[in-house]
There are 2 protein chains.
Amino acid sequence: MKVIETIADLREARRACAGTVGFVPTMGYLHEGHLELVRRAREECQTVIVSIFVNPTQFGPKEDFTTYPRDTERDLSLLEPMTDIVFMPIPEEMYPDGSSTRVDVQGLTEVLEGASRPGHFRGVATVVTKLFNIVQPDRAYFGEKDAQQLRVIMRMVRDLDMPVEVVPCPTVREPDGLAMSSRNTYLTPDQRRAAVILYKSLMMAGEMWATGEHDVATIKQAMTKLIEAEPLAQIDYISLADPDTLEELAGSHARALVSMAVRFGKTRLIDNRLLS
Amino acid sequence: MKVIETIADLREARRACAGTVGFVPTMGYLHEGHLELVRRAREECQTVIVSIFVNPTQFGPKEDFTTYPRDTERDLSLLEPMTDIVFMPIPEEMYPDGSSTRVDVQGLTEVLEGASRPGHFRGVATVVTKLFNIVQPDRAYFGEKDAQQLRVIMRMVRDLDMPVEVVPCPTVREPDGLAMSSRNTYLTPDQRRAAVILYKSLMMAGEMWATGEHDVATIKQAMTKLIEAEPLAQIDYISLADPDTLEELAGSHARALVSMAVRFGKTRLIDNRLLS
């Protein structure tokens with residue numbers, strides 16, 4: 001496994017790759033969710049490239065960029081058995097002085113996470129564009145846990161005709177159902193126990209849906225009531241949206257993406273499930 | 001020479017290309033300026049791809065998108081001797097319903113042409129990104145006549161790490177010095193004769209510079225006086241700017257990009273020259 005820190009070295013290593021190249025962009029502090037993406041890439045591609053880059057431009061000024069958890073040594077040892085190249089640039093390599101070009105996916109990015117985190121998706125779309133141009137992968141693997149991010153990337157790839165196939169991969173969960181996230185490490189033991197309420201509310205929504213309740217207001221109300229009963233949880237948003245446009249739904253529908261952001265103290269967790 | 005109208009067919013043809021691919025993006029109605037770009041690509045690359053696409057997103061609502069001159073048959077016959085592939089998509093192929101991603105080069109695009117034509121460079125940057133992703137050229141050829149566009153594209157390529165080399169090519173001029181432009185065809189015979197004033201003012205600026213006059217206000221004043229003496233010419237702007245940042249200069253400098261936009265009736269012409 002090669003560990004590469006500069007764009008020039010990555011390009012040189014990339015030119016030497018034969019066959020299909022699979023790419024997994026990460027912000028490091030890897031968990032089983034990331035590793036599933038890497039395993040999938042390993043199964044499907046001859047070369048596997050993973051990036052570790054905590055991208056400053058996707059964090060708001062009051063967000064957790066400086067405290068975002070990092071453990072490069074552990075990350076590299078987890079990747080070693082199944083990765084060919086790890087790309088690990090410093091911020092100055094990715095954003096030299098005078099860097100001023102941004103990629104904007106309009107519409108899709110103004111709701112949900114985009115409404116709660118202004119500029120977040122502009123930062124995501126821009127860094128993913130850069131990474132795609134540097135790595136030039138045939139296939140790129142993204143987790144369904146970040147439902148809106150996945151849709152933003154797929155829309156961007158389509159709109160800008162990027163020569164890459166985006167492969168969505170199912171959310172990986174802890175035994176009690178909590179979606180794996182690097183930010184779970186912020187939780188106190190009490191908050192960690194309480195955080196399972198996200199999963200429980202999604203399960204409840206799925207059961208209501210399966211028994212024929214397709215009215216989005218009724219489902220949202222039941223989820224809100226369940227989560228509000230957890231004293232450590234503070235709802236940021238609960239959404240039932242059109243899975244393609246992410247427009248908020250009203251009335252009854254055949255498909256809905258239920259997604260949410262909930263705070264536990266200073267830690268903000270997201271989760272989602274497709275109802276169809 | 002293959003003429004290709006869909007992205008899928010272009011990708012297929014591109015996969016079959018061996019060696020260096022040179023790309024010349026155009027809006028058609030080709031003149032000697034375009035053909036010089038194609039010749040340069042022919043000299044330097046094994047495969048030459050030219051696009052002809054009048055890009056709607058770079059025209060303002062009151063600009064000349066619908067009347068922009070088109071002559072595909074003539075264009076194809078001019079390209080035939082030196083081009084391998086012509087990519088000629090219809091607008092619906094490039095911008096299907098729901099297309100909403102845009103590329104923004106901040107800073108550089110807010111002055112000069114960007115100030116006079118809001119949204120123009122967003123349209124240019126977006127379509128060039130798309131064309132680069134579709135054609136995947138090794139080298140792309142742009143004329144220096146569009147000085148700001150050239151800088152915007154080079155900045156975008158650098159900022160987004162696009163795997164392409166941008167090759168700037170000198171402006172090609174009519175015998176009397178008028179820069180070649182598809183929009184010259186709009187000019188009446190009187191306007192055409194008057195339009196040489198752009199070149200004359202650039203020559204005068206160059207002579208002042210060569211004789212040691214490096215004060216930008218003095219040069220701009222002399223140019224303004226010269227052009228205002230031409231009754232058919234109406235100045236949109238005259239600029240002496242930093243060649244890298246395009247920030248307007250004051251005082252004396254070692255380098256300056258002098259550029260201008262001047263209207264003749266409804267026709268707006270641009271030209272520029274580097275003083276150094």
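**Entry 1: the sheet in chain B**

I looked up the open sheet of chain B in this predicted model. Three strands make up the sheet in the order E8-E9-E10, and their pairing is antiparallel. Two strands pair if DSSP finds at least two bridges between them. Helices (H or I, at least four residues) and strands (E, at least two) are DSSP runs, numbered from the N terminus.

Which strands stand at the edges? They are E8 (233–241) and E10 (267–275) of chain B; each has a single partner strand, so one side of each is left without a neighbour in the sheet. From one strand to the next, the twist averages 15 degrees. Axes are lines fitted to C-alpha atoms, for helices over the stretch in contact, and angles run from 0 to 180 degrees between N-to-C directions.

I then followed E8(B) to strand E9 (residues 256–264) of chain B: eight bridges join the two, which run antiparallel. Ile235(B) has Val262(B) of E9(B) opposite.

Two helices lie across E8, E9 and E10 of chain B. One of them, H9 (residues 196–210) of chain B, runs at about 20 degrees to E10(B). Helix H10 (residues 216–228) of chain B also lies across these strands, at about 165 degrees to E8(B).

**Entry 2: how I read the model**

Residues are numbered from 1 along each chain as its sequence is written, while chains are lettered from A and ligands numbered from 1 in the order in which they are written. As the model is predicted, local features need pLDDT of at least 70 and side-chain atom pairs count only at pLDDT 80 or more, while totals for chains, interfaces and linings use all residues; side-chain values use heavy atoms, with hydrogens and water left out.

**Entry 3: salt bridges**

Side chains of opposite charge can pair when their charged atoms come close. A salt bridge here is a side-chain nitrogen of Lys or Arg within 4 Å of a carboxyl oxygen of Asp or Glu. The count over all chains comes to 38.

I looked at Glu32(A) and Arg39(A), whose closest N and O atoms are 2.7 Å apart in a salt bridge. For exposure, buried means under 20% relative accessible area, exposed over 50%, and partly exposed in between (1.4 Å probe, protein chains only). Glu32(A) is partly exposed because its relative accessibility is 30%, and Arg39(A) is partly exposed at 29%.

Lys130(B) and Asp161(A) form a salt bridge at 2.7 Å, N to O. Lys130(B) lies in helix H6 (residues 120–135) of chain B and Asp161(A) in the loop between helix H7 (147–159) and strand E7 (165–169) of chain A, so the pair joins two chains. Are these residues buried or exposed? Lys130(B) and Asp161(A) are both buried.

I also noted a network of salt bridges that links Arg40(A), Glu44(A), Arg139(A) and Glu165(A).

**Entry 4: a helix pair in chain A**

The axes of helix H6 (residues 120–135) of chain A and H7(A) come within 10 Å and cross at roughly 55 degrees. That makes H6(A) oblique to H7(A); angles under 35 degrees count as roughly parallel, over 145 as roughly antiparallel, 65 to 115 as roughly perpendicular and the rest as oblique. In contact (heavy atoms within 4.5 Å) are residues including Phe121(A) and Val124(A) of H6(A), and Gln148(A) and Val152(A) of H7(A).

**Entry 5: Val38(B)**

Val38(B) is in helix H2 (residues 32–44) of chain B. Val38(B) counts as buried because its relative accessibility is 1%. Among the residues that Val38(B) touches, not counting those up to four places away in sequence, are Val24(B), Leu79(B) and Met82(B).
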